[in-house]
Amino acid sequence: MNMKQLRRVWNRFRGLSSARRRNEDLIAELESHIQMQTEDNIRAGMPPAEAHRAAMIKFGSLEHTKEHCRDEGSLPFLETMIADIRYAGRSLRQSPGFTVVALLTLALAIGANTAIFSLVDQILLHPPGVSRPERIVVIRTNYDKLNLSFDVASPRTFADVRGHKEIFEHVAATRPVSFNYAGQDQPARLSAAAVSVEWFDVFGAKPERGRVFSIEEDKPGTNRVAVLAYGAWMRLFGGDPRVLGQTIELGEQPYRVVGVMGREFGEPKSVDLWVPLALSSEDIEGPRGRSENLSVFARRQATVSFSQADAWLRVAATQMLATVPPAARRYLIDAGWRLGGTAFADSNAGTNKTPLLILLAAVGLVLLIACANIGGLMVARTSARARELAVRAALGAARGRLLRQILTESLVLAIVGGTIGFLLARGGVELLLRLAPESAVAGLEAGEDITVLLFTVGASLAAAVFFGLVPAWQTSRVDPGAVIKSGGQTASMAAAQRLRSGLVVAESALALVLLVSAGQFLRSFTQLQRIDPGFEPRGVVTAAYALPQGVWTDPQKQAVFTRSVLERLLQAKGVTAAAIGRPIPFAGGYEGSAFFIEGRTVVSGEAVPQAERRWVTPDYVRTLGVRLERGRFLTDSDRTGTELVAVIDAKLARQYFPGEDPLGKRIRPTSGEGSYTIVGVVNHVVQSNLAADTDRGVYYNSLFQRPAPVGFILVKASGEPAVAVGAIHDAVQATDRNLPLYDIKTMESLLAESLSPRRFVMQLMAIFAVAALLLAALGLYGVVNYVVAQRKREIAIRVALGAERKGVLMLVVGQGLRLAGVGVAIGMVGAVVSGKLLESQLFQVNSFDSSTIAATAGVLLGAALVASYLPARRAVRVDPAVTLRYE
Amino acid sequence: MALNKRDKTEVWQGTLALMVLKTLDALGPMHGYGIARRIEQISEHLLSINHGTLYPVLLRLEQEGSIRSEWGASENNRKAKFYRITKSGKKELAVEEREWQRAHDIVGRFSALSKESV
């Protein structure tokens, strides 16, 4: 487009606003033209009347010129659109009831969709601060025969995979570490990640300030450097840039800060800082090189697909097996050991993936119901305006123009509704982040991004087309003559009514599906809450500690610490029992153990016995209310130097000692630290997942027989949790003034947190179901109301002829209930299908749960009853004389 | 191939635009009626136009910035809108004239063709 054309478009665009003035100007100019011609003609000798006529003829069609100039003068397409928008605005303002209901429905549906979508987007599609997340693969170790699978790998595996640039552009490993940081008034615990040099490359993350680690720094001895996470930089240093190059003390070691990461990047989740992993060749080649304790992330080459990378890992694993010493190799082969890949997004979302998708589907159904509802409203509105439209059509308005006008009206609704919805969504995301389980949404922010914006725009446009087309299609079939003659009631009106009824049936069916699903989630949640975890969480408070190197390096000193803290705790007011354990139930730790049973030969090709292992102090069972079933629990006299003992739980006893007495038997962990004599049996305690307990039992060893620098303090106290928390603080401070405590929580909240993903899904499903129910009821109300208005005359005649009001009431209500009933019947079929899809997320609830279905169908029909009764009551209250006179 | 109505209008508008610009360039500011009369006179009434067709052309030229308009008084002291060519209009006119001359020359050469000269 050249300058000239550009100038023209600009002027035409400006012409839009000054249309009226321009038009007056033109008329004046044309008049003066005709006048001048007329005067010339008179001067040439014509009589005045003839002169004017000749001038007009000479000029040609005045109207044509005006119209031509109008078209040239502005942008006719835009001008019509503006006129349509103005018209739509005017007509929407004239029926505020319709407009408000339609806008609210749309805004809520779009808002809820956008909010859920932005969560799904951040968790599944675009984790913040990560570039091209689809190319990141997490290396996964599987023990197929043990039914175990972890997103971890050994240093040896990491070293082997790292070299293969043809498959992976970058490979990096990480291990969680934490430091006591004494830089502030209160000692603090910082959670950090020890990462190998390519860590930030794998995620495509760039530092905000300074730099990331060099290859030299990823080596033992030169690794005292740290990169701060943005949040920690703000929190600990107030965002002071001078921290770069400074030395901070972490775990009583000096670390130099070399960089600050960008605000968004936080992998692994919720870390405060990164330090180099600095694996030595001994770490890789030595005996510990095979223990699977690293999380390994790899970015695949652009040319390598995910399935190729996954297949390559499988093949690589068989080659790695060849280098393993024979005895260990047999164990690995028997356990079905292999490597594989998990897509980063899946690993990132973890078990939250399916619930998120379910929520997305549910909220999509709500949007669908909302669209059907607005479609119904629009149909009703167009029916009511049939006369007006018919008159306009009869006056010569083109069908296309009328269609365009109605579509414009829906577009205006959709855009306004979408805008309100987008604003609502911002609040919605914040609400979701508060409701959602901490683990799923750590590091997420309620910011808007382009994908979400596109989604909202797409959703509102789809809605506009959907509910704009229905009435538009309907009007296009209107015969103006018939409409005007019949006073607005024609066959096509009846068709419209059928269409509305159809929409209401669909709404009820969808609402029932949502109600049933919500009901199933609710039931499975109550079932879960009834489960006995095998211990009594009430009144128990936990706190974690980690003793720093230096003073506490010696295991004997660590035992002294443990005893000292426990003694002080027992003297504290209100404390009834205290213990230390590692790991403890529902706190996220995991310690698995494979062991041999002395006197039994391991059958080749069969997996070695598996269990979970806990290191605890003697009062552990009393603190948690675990029941001793046989023998004795660990006592204070089980110390270093005395016979190594173990207490197993009932599950392990059933699994490996069926029909025999486990007491006195000896088990030997494959880690090779000696044999433990079984001295007692306690009841099984669920360790991490109420819905799906592992199939492994638990055995307990005495923390006094092998002291450790880390652990969880468990205190049972009467009264407020704050009392117990205070007691723990006092006891620890009295032993080591600088030791920070972290993860201070009540046992009950740990249990509740383990259920929080399910609670989150249940709550949202309930909200969606209630919204669906309200929308469906609103839709039904609209239809019945309309029917009543249409049949006013018929009802009046019936009443005048002596029909009982009750009969008329039943007639109208019956009609509403029939629609809802058909919807419920269809919805039940839908509920069966959705039940199958939800099966994996339900707990002890049948996928076809007849009592839930019956109850929700009752609720829906009840709502339908109310929705039809209100307009029906109005119908029978009508005084027939009044109605008939006005008709 | 026959030109459709739209194309015909465009061609007519283009020709008329050139005549309007030339008239304003040669004779100075003028109102719409005056321009119409001049075009008729100069074309020696061979070209008799509906005066109304002139106004969309004037509007277009004004939007393109080739001419400018202003209300003033006519010779008979009647209120009239006067048009005058702008600098960019003059440039535009020169370009258009050259193009026309070229087209004219080419057509002229073809007209002069006789069977023998091929």
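A:L411 is partly exposed, with a relative accessible area of 34%; buried means under 20% relative accessible area, exposed over 50%, and partly exposed in between (1.4 Å probe, protein chains only). The structure is a predicted model, in which local features need pLDDT of at least 70, side-chain atom pairs count only at pLDDT 80 or more, and totals for chains, interfaces and linings use all residues. Residues are numbered from 1 along each chain as its sequence is written, chains are lettered from A and ligands numbered from 1 in the order in which they are written, and side-chain values use heavy atoms, with hydrogens and water left out.

A:L411 sits in helix α16 of chain A; helices (H or I, at least four residues) and strands (E, at least two) are DSSP runs, numbered from the N terminus. Together with A:I415, A:L453, A:V457 and A:L461, A:L411 makes a nonpolar surface patch of about 390 Å². Patches are made of residues with over 30% relative accessible area and no salt bridge, with like charges joined within 9 Å and nonpolar side chains (Val, Leu, Ile, Met, Phe, Trp, Tyr) within 5 Å. At least two residues of the nonpolar patch come from each of α16 (399-435) and α18 (450-475) of chain A. The largest share, 3 residues, is supplied by α18(A).

Side chains of opposite charge can pair when their charged atoms come close. Over all chains, 42 salt bridges are found in the whole structure, a salt bridge being a side-chain nitrogen of Lys or Arg within 4 Å of a carboxyl oxygen of Asp or Glu. In one of them, A:E673 pairs with A:R613, and the closest N and O atoms are 2.3 Å apart. This pair links distant parts of the chain, 60 residues apart: A:E673 is in the loop between β18 (666-669) and β19 (676-682) of chain A, and A:R613 is in strand β15 (residues 610-616) of chain A. A:E673 counts as partly exposed at 24% relative accessibility, whereas A:R613 is buried at 3%.

In chain B, a salt bridge joins B:E64 and B:R60 (3.5 Å, N to O). Both residues lie in helix α3 (residues 54-64) of chain B, 4 residues apart, about one turn of the helix. B:E64 counts as buried, with 9% relative accessibility, and B:R60 is partly exposed, with 24%. Elsewhere, A:E612, A:R614, A:D695 and A:R696 are joined into one network by salt bridges that share partners. Within this group, the closest N and O atoms of A:R614 and A:E612 are 2.6 Å apart, and both of these residues are buried.

Chain B contains 4 helices and 3 strands, which run α-β-α-α-β-β-α from the N terminus on. Of the 118 residues in chain B, 35% are buried. Carbon and sulfur atoms hold 55% of the accessible surface of chain B, which comes to about 7600 Å²; accessible areas come from the Shrake-Rupley method with a 1.4 Å probe, and for residues only the protein chains shown count as cover.

The size of an interface is often given as the accessible area lost when the parts come together. Chain A and chain B bury about 2500 Å² between them, 51% of it on carbon and sulfur atoms, where buried area is the accessible area (1.4 Å probe) that two parts lose on being put together, summed over both. In chain A, the residues that lose the most area to chain B are A:E29, A:M36 and A:K58, together 25% of what that side buries. The contact (heavy atoms within 4.5 Å) takes 26 residues from chain A and 30 residues from chain B. Between the two chains there are 5 salt bridges. A:K58 forms a salt bridge with B:E40, with 2.8 Å between the closest N and O atoms. On the side of chain A that touches chain B, two or more residues each are given by α1 (3-15), α2 (19-43), α3 (48-59) and α4 (62-73) of chain A. The largest share of that side, 12 residues, comes from α2(A).

Some backbone features were also located. The peptide bond from A:E267 to A:P268 is cis, with omega near -10 degrees, and A:P268 is in the loop between β8 (253-261) and β9 (273-276) of chain A. A:F586 has a positive phi, near 65 degrees, in a residue other than glycine, and counts as buried at 8% relative accessibility.
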